[in-house]
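Colleague: I am new to this one. Can you take me through it in short steps?

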Amino acid sequence: MNDRRRAIGGLVACAAILIGWALTEVLTPVRPANAAVGQVSGGDGVALYLQSCAACHGRAGAGSSDGPPLVGVGAAAADFMLRTGRMPLAAPGAPMVSRDPVFSDQQIRALDDYIAGLGGGPAIPAVQVTGADVARGRDLFISSCAACHGAGAGGDAVGGGFVAPPLLGTDPVIVGEAIRTGPGAMPVFGPGQISDEELGAIAAYLVYLQDDAAPGGLTVGGAGPVVEGYVAWVVGIGLLLLAVRRIERRRHP
């Protein structure tokens, strides 16, 4: 009787293991072809695209149910998505978040050229920060960017589940690409709204915010006025409490 129970228990345990394995295989998302990178080396843009992008965006960039068309987006949009690590996605529908780029610089340039060759879209802007008018950049940033990215470029929530990311430390070319292409909920600013010279001014102002904007004190990593205000309150109240405690001890040794 005991042997029979042990046998039944063993069969049940084996069945549970097999069911668990099967569920894991079914529920674990399969990495699509657009997430398989690193197998094609060098600057073969066509091979890279077919291996890592075509599964979602279509073999000719016409798009599919898993990804939008790339015809007409241009090199600037492709370069922005690839250099900020927002592409490729691990699976269709996964959130696009900034991370380290998956491709090498040479591979990114090859993909940029291929996607630009599909036709249309803005080219990668030549953003020049050397000699740019920082004061003009500040005015442009306040009028066109600060409402979403914050006065100190520390980022902020903009509603609808969208978040405007922090801009401090962002490469000037990526800043220009975002302005020209409007990723996510960000509006597109064409040359008629913000000229190439003004792009450089905005990028130069962001460099100034990162390096020289706080000559009088600590910025707490540029986290923004709200966080910095909380830190000031906590530190200030803590110092006041210590001072009161010390005075009290002197009065009542």
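**The pockets**

Modeller: The largest pocket has a volume of about 860 Å³. A pocket is found on a 1 Å grid over the protein atoms alone: an open set of points where a 1.4 Å probe fits, with protein on both sides within 12 Å along at least five of seven lines. Grid points are joined across faces, edges and corners, and the volume is the space filled by probe spheres set on the points.

Colleague: Which element gives the most to the lining of the largest pocket?

Modeller: Helices and strands here are DSSP runs, numbered from the N terminus: helices are H or I with at least four residues, strands are E with at least two. Several elements each supply at least two lining residues, among them helix H4 (74-83), strand S2 (162-164) and helix H8 (172-181). The top contributor, with 4 residues, is H8.

Colleague: How many residues of that lining are nonpolar, polar and charged?

Modeller: Ala, Val, Leu, Ile, Met, Phe, Trp, Tyr, Cys and Pro count as nonpolar; Asp, Glu, Lys and Arg count as charged; the others, Gly among them, are polar. The lining of the largest pocket divides into 27 nonpolar, 7 polar and 2 charged.

Colleague: What volume does the second largest pocket have, and which element gives the most to its lining?

Modeller: The second largest pocket has a volume of about 560 Å³. Of its 29 lining residues, the closest to the centre are His57, Pro68, Met81, Met87 and Met96. Two elements give two or more residues to this lining, helix H3 (54-57) and H4. The most, 5 residues, comes from H4.

**Helix H4**

Colleague: Why is H4 described as largely enclosed?

Modeller: Buried means under 20% relative accessible area, exposed means over 50%, and partly exposed lies in between, with a 1.4 Å probe and protein chains only. The buried residues of H4 include Gly74, Phe80 and Leu82. They pack against H5 and H8. H4 is largely enclosed by the rest of the structure because its buried residues number 8 of 10.

Colleague: Is Asp79 buried or exposed?

Modeller: Asp79 lies in helix H4. Leaving out residues up to four places away in sequence, Asp79 touches Ile108, Asp112, Ile124 and Glu177, where a contact means heavy atoms within 4.5 Å. With a relative accessible area of 3%, Asp79 is buried.

**Backbone and loops**

Colleague: What is the phi of Ala153?

Modeller: Ala153 is found in the loop between H7 and strand S1 (156-159). Ala153 is buried, at a relative accessible area of 0%. Although Ala153 is not a glycine, its phi is positive, about 60 degrees.

Colleague: Where is Asp133, and how far in space is it from Ala203?

Modeller: Asp133 sits in the loop between helix H5 (105-116) and H6. Asp133 counts as partly exposed, at 46% relative accessibility. Asp133 and Ala203 are 70 residues apart in sequence; C-alpha to C-alpha, the distance in space is 10.0 Å.

**The whole chain**

Colleague: How many helices and strands does the protein chain have?

Modeller: From the N terminus on, the elements run α-α-α-α-α-α-α-β-β-α-α-α. The chain has 253 residues, of which 30% count as buried. The count of elements is 10 helices and 2 strands.

Colleague: What is the mean pLDDT of the protein chain?

Modeller: pLDDT is the predictor's confidence in each residue, from 0 to 100. In this chain 74% of residues reach 70 or more, and the mean pLDDT is 82.

Colleague: How many contacts beyond near neighbours in sequence does the stretch 21-38 have in the model?

Modeller: Over residues 21-38 the pLDDT is below 50. Where pLDDT is low, the predicted coordinates should not be read in detail. For residues 21-38, the number of such contacts in the model is 26.

How values were computed
Residues numbered from 1 in each chain as written. Predicted model: local features only at pLDDT ≥ 70, side-chain atom pairs only at ≥ 80, totals over all residues. Heavy atoms only, no water. 1 Å grid on protein atoms, 1.4 Å probe; cavity = no way out; pocket = protein on both sides within 12 Å on 5 of 7 lines; lining within 4 Å.
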